[in-house]
Amino acid sequence: QVQLQESGPGLVKPSQTLSLTCTGSGGSIRGNNYFWNWIRQPPGKGLEWMGYIGYSGETNYSPPLKSRTSISWDTSKNHITLLLSSVAPEDTAVYYCALWDGSKRRFDSWGQGTQVTVSS
């Protein structure tokens, strides 16, 4: 089973671009039927799905975030990158990466999450 670890800056200024990395260990991130998701949880709120990159490189984003979100591979480093542009205080959240196994039709692995605060 692939283990996941998110990393990135804990503090970002408004209007900047947030960049987070999800690194996989214990297996390849490019397994068949794998979909790599970014999900966040603002303080006091529920989980919010942001988007995914699939095993064929296809991407799909949440409509409210689509214009600001980009998810990509770096297979040489076995990680996935999330870019969120023009951040605002309401983007403050714990950000998770999670592996959806299309064969099992379930989330197989979650990272521990990384806190991101947007503040000047």
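The conversation below goes through a predicted model, topic by topic.

Trainee: Let's begin inside. Which residues of the largest nonpolar core touch the most other members?
Mentor: In general, nonpolar side chains tend to be buried together in soluble globular proteins. Here the largest nonpolar core has 25 residues. Those that touch the most other members are L18, W36, W38 and Y95.

Trainee: And which element gives the largest share of this core?
Mentor: Several strands give two or more residues to the core, among them β3 (18–25), β4 (34–41) and β5 (48–54). Strands β7 (69–74), β8 (79–84) and β11 (114–118) are also on that list, together with β9 (93–101). The largest share, four residues, comes from β9.

Trainee: Now the disulfide. How many does a search of the whole structure find, and which residues are joined?
Mentor: A disulfide is a covalent bond between the sulfur atoms of two cysteines. The search of the whole structure finds one. With an S to S distance of 2.1 Å, the disulfide joins C22 to C97.

Trainee: How many residues apart are C22 and C97, and are they buried or exposed?
Mentor: C22 sits in strand β3 and C97 in strand β9, so the pair links distant parts of the chain, 75 residues apart. As for cover, both C22 and C97 are buried.

Trainee: Is that disulfide left-handed or right-handed?
Mentor: The torsion about the S-S bond of C22 and C97 is the value to look at, and here it is about 65°. The disulfide is therefore right-handed.

Trainee: On to the rings. What is the geometry of the aromatic pair formed by Y34 and W36?
Mentor: A pair of aromatic rings is described by the distance of the centres and the angle of the planes. Y34 and W36 are both buried. Their centres are 6.2 Å apart with 80° between the planes, and planes over 60 degrees apart count as one class. That class is edge-to-face.

Trainee: Which residues form one aromatic cluster?
Mentor: The count of aromatic pairs comes to seven. One aromatic cluster is formed by F35, W49, Y52 and Y55.

Trainee: Let's turn to charges. What distance separates N and O in the salt bridge of D91 and R40?
Mentor: Side chains of opposite charge can pair when their charged atoms come close. D91 lies in the loop between β8 and β9 and R40 in strand β4, so this pair ties together parts that are 51 residues apart in sequence. Both ends are buried, D91 with a relative accessible area of 2% and R40 with 5%. The N to O distance is 2.8 Å.

Trainee: Which residues are linked with D91 and R40 in a network of salt bridges?
Mentor: A search of the whole structure finds five salt bridges. The network that contains R40 and D91 also contains E48 and R68.

Trainee: Which residue forms a salt bridge with K104 and also with R106?
Mentor: K104 is partly exposed at 46% relative accessibility, and R106 is partly exposed at 43%. The closest N and O atoms are 3.2 Å apart in the bridge of K104 and 2.9 Å apart in that of R106.

Trainee: Last, the surface. Which residues make the nonpolar patch of about 290 Å²?
Mentor: F107, found in strand β10 (residues 106–110), counts as partly exposed at 31% relative accessibility. W110, with 38%, is partly exposed too. The patch is made by L47, F107 and W110.

Notes:
Residues numbered from 1 in each chain as written. Predicted model: local features only at pLDDT ≥ 70, side-chain atom pairs only at ≥ 80, totals over all residues. Heavy atoms only, no water. Patch = residues over 30% accessible without salt bridge, like charges linked within 9 Å, V, L, I, M, F, W, Y side chains within 5 Å. Areas by Shrake-Rupley, 256 points an atom, 1.4 Å probe, with all protein chains shown as cover. Salt bridge = Lys/Arg side-chain N within 4 Å of Asp/Glu carboxyl O. Buried < 20%, exposed > 50% of the residue type's maximum accessible area, 1.4 Å probe, protein only. Core = buried A, V, L, I, M, F, W, Y, C linked by side-chain atoms within 4.5 Å. Phe/Tyr/Trp six-rings, centres within 6.5 Å; stacked < 30°, edge-to-face > 60°. Disulfide = S-S within 2.5 Å.
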